[in-house]
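The paragraphs below lead through one structure, part by part. Please keep the sequence and the 3D view at hand while reading.

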Amino acid sequence: MKLTVRIWRQSGPQADGRLVSYAVDEVSPDMSFLEMLDVLNQDLIADGEEPVAFDHDCREGICGSCGVVINGQAHGPERTTSCQLHMRSFRDGDTIDVEPWRAKGFPVVKDLVVDRSALDRIVQAGGYVTAPTGSAPDAHATPVPKPDADIAFDNATCIGCGACVAACPNGSAMLFTAAKVTHLSVLPQGQPERARRVLDMVETMDDEGFGGCTNTGECVASCPKGIPFASIATLNREFRKAARSR
């Protein structure tokens with residue numbers, strides 16, 4: 001395929017950015033989206049130009065670092081990560097716009113790279129459990145009911161990619177924070193810090209500049225791991241309960 005790729009180029013956090021058009025030839029439908037960017041960068045380097053900066057690591061849909069906005073959609077037209085999106089989702093002759101996550105909590109570092117350390121700080125505020133020293137307990141030492149285990153697992157699949165923030169019209173990190181709170185709130189190991197966790201994580205989320213949640217649902221629609229909308233309701237319940245008891 002032959003494609004026109006319009007990519008956001010920005011040399012640094014304080015610099016002005018703009019979309020720059022590039023022609024990319026000989027794109028295989030079996031390439032991943034990041035492999036297509038690799039081909040573009042090889043061409044740019046061969047021509048003595050600055051390659052496009054973009055985040056990537058595992059390229060297996062696990063690490064969450066590859067997030068970009070493709071044609072106005074977080075991670076692109078398929079419900080998957082950018083590294084797992086394949087070029088067969090596009091047609092020969094298409095024009096593809098590629099932009100970084102856009103949110104106050106995600107300042108642009110360069111080109112398509114944004115600083116997502118705000119999500120790390122939300123987790124640091126409360127996304128942990130009391131860890132006693134000593135040998136690991138037996139797997140069956142602390143029974144967990146199957147429904148609770150399922151809820152915890154569904155929320156633990158969050159990879160912290162930030163697509164929920166990028167898709168939200170308010171730039172809210174509510175779904176991300178809700179996944180972390182819900183994951184631990186239903187497990188016995190998460191009970192000692194339960195009240196403090198939700199208060200501290202929500203406070204940190206607000207301090208980082210993320211917007212408020214208005215239940216538009218774009219976060220859930222864009223989440224590559226299918227974090228359920230009900231997690232936001234769980235976060236709200238946990239927050240109200242903790243706020244009344246403090």
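In this predicted model, I122 is in contact (heavy atoms within 4.5 Å) with A173, F176, T177, M201, T204, M205 and F210, leaving aside its neighbours within four places in sequence. Residues are numbered from 1 along each chain as its sequence is written. Local features need pLDDT of at least 70, side-chain atom pairs count only at pLDDT 80 or more, and totals for chains, interfaces and linings use all residues, while side-chain values use heavy atoms, with hydrogens and water left out.

I122 also belongs to the largest nonpolar core, which has 38 residues. Such a core is a set of buried Ala, Val, Leu, Ile, Met, Phe, Trp, Tyr and Cys residues joined through side-chain atoms within 4.5 Å. Buried means under 20% relative accessible area, exposed over 50%, and partly exposed in between, with a 1.4 Å probe and protein chains only. The residues with the most contacts inside this core are W101, F106, I122, L175 and F210. At least two of its residues come from each of α2 (117–126), α4 (163–167), α5 (174–185), α6 (194–207), α7 (218–222) and α8 (230–245). Helices (H or I, at least four residues) and strands (E, at least two) are DSSP runs, numbered from the N terminus. The largest share of the core, six residues, is supplied by α5. Another core, of 28 residues, lies apart from this one and includes V24, F33, L34 and L85.

Next comes the sheet. Five strands form an open sheet with mixed pairing, in the order β2-β1-β5-β3-β4. Two strands pair if DSSP finds at least two bridges between them. At the edges are β2 (18–24) and β4 (73–74), each of which pairs on one side only. Strand β3 (residues 69–70) is antiparallel to β4, and the two pair over two bridges. Within β4, A74 stands opposite V69.

Helix α1 (residues 33–46) lies across β1 (3–9), β2, β3 and β5 (95–99), and runs at about 90° to β2. This angle is taken between N-to-C directions, from 0 to 180 degrees, with axes fitted to C-alpha atoms, for helices over the stretch in contact. The loop between β2 and α1 contains S32. Because its relative accessible area is 7%, S32 is buried. Not counting residues up to four places away in sequence, S32 touches C83, L85, H86 and M87.

A156 is found in helix α3 (residues 146–156). A156 counts as partly exposed because its relative accessibility is 37%. From A156 to T182 the separation is 26 residues in sequence and 8.7 Å in space, C-alpha to C-alpha.
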